[in-house]
Amino acid sequence: MAGVRELLAVVLGAALGVAALAAPRTALKLSVFGGPSRRRRGDYGADAAVSERSVWVVRALGVVCLLISASIAAQTYL
């Protein structure tokens, strides 16, 4: 029988994967992998451009999250 832990893993993995696919630039800017904003301009800093390579890496990680979530769901609920 499926427990709460498996259900949470499926839901959170799917949510993270969808967020990474739907808004990869936002996910990258919110993550710690974007690095600190040392070149701040103005009161709140400047929005530096995000490279296309980084966007595709975040999208790939989103697909990986969805695949892992689907794998956990298949093993648990089928």
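Colleague: Which pattern does the chain follow when read along the sequence?
Modeller: This is a predicted model, and in it the chain has three helices and zero strands. Read along the sequence, these elements give the pattern α-α-α.

Colleague: How many Å apart are the end C-alpha atoms of H3, and what span should its residues give?
Modeller: Helix H3 covers residues 52–77, and its 26 residues, counted at 1.5 Å a residue, should span 38 Å.

Colleague: Which residues of H3 are buried, and which helices do they pack against?
Modeller: Buried here means under 20% relative accessible area, and in H3 the residues Val55, Val58, Gly62 and Ser69 are buried. For the chain as a whole, 14% of the 78 residues count as buried. The buried residues of H3 pack against H1 and H2.

Colleague: Is Ser69 buried or exposed, and which residues does Ser69 touch once those up to four places away in sequence are left out?
Modeller: Ser69 lies in helix H3, and because its relative accessibility is 6%, Ser69 counts as buried. Leaving out residues up to four places away in sequence, the residues that Ser69 touches are Ala9, Val10, Gly13 and Ala14.

Colleague: Which residues make up the largest nonpolar core, and what does Val50 touch beyond four places in sequence?
Modeller: The largest nonpolar core has five residues in all, namely Ala20, Leu28, Val50, Val55 and Val58. Two of these, Val55 and Val58, are among the buried residues of H3. Not counting residues up to four places away in sequence, Val50 touches Arg25, Leu28, Lys29 and Val55.

Colleague: Which side chains meet in a salt bridge, and how many residues apart in sequence are the parts that the pair ties together?
Modeller: The structure holds one salt bridge, in which the side chains of Glu52 and Arg25 meet at 2.5 Å, N to O. Glu52 lies in helix H3 and Arg25 in helix H2 (residues 24–30), so the pair ties together parts whose separation in sequence is 27 residues.

Colleague: Where is Ala49 found, and how far apart in space are Ala49 and Lys29, C-alpha to C-alpha?
Modeller: Ala49 is found in the loop between H2 and H3, and at 80% relative accessibility Ala49 counts as exposed. Ala49 and Lys29 are 20 residues apart in sequence, and their C-alpha atoms are separated in space by 9.8 Å.

Colleague: Which residues form a nonpolar patch on the surface, and what accessible area do they have together?
Modeller: The patch is formed by Val4, Leu8 and Leu12. Of these, Leu8 lies in helix H1 (residues 4–22) and, at 47% relative accessibility, counts as partly exposed. Together, Val4, Leu8 and Leu12 have an accessible area of about 310 Å².

How values were computed
Residues are numbered from 1 along each chain as its sequence is written. This is a predicted model: local features need pLDDT of at least 70, side-chain atom pairs count only at pLDDT 80 or more; totals for chains, interfaces and linings use all residues. Side-chain values use heavy atoms; hydrogens and water are left out. A nonpolar core is a set of buried Ala, Val, Leu, Ile, Met, Phe, Trp, Tyr and Cys residues joined through side-chain atoms within 4.5 Å. Buried means under 20% relative accessible area, exposed over 50%, partly exposed in between (1.4 Å probe, protein chains only). Contact means heavy atoms within 4.5 Å. A salt bridge is a side-chain nitrogen of Lys or Arg within 4 Å of a carboxyl oxygen of Asp or Glu. Helices (H or I, at least four residues) and strands (E, at least two) are DSSP runs, numbered from the N terminus. Patches are made of residues with over 30% relative accessible area and no salt bridge: like charges are joined within 9 Å, nonpolar side chains (Val, Leu, Ile, Met, Phe, Trp, Tyr) within 5 Å. Accessible areas come from the Shrake-Rupley method with a 1.4 Å probe; for residues, only the protein chains shown count as cover. The expected span of a helix is 1.5 Å times one less than its number of residues.
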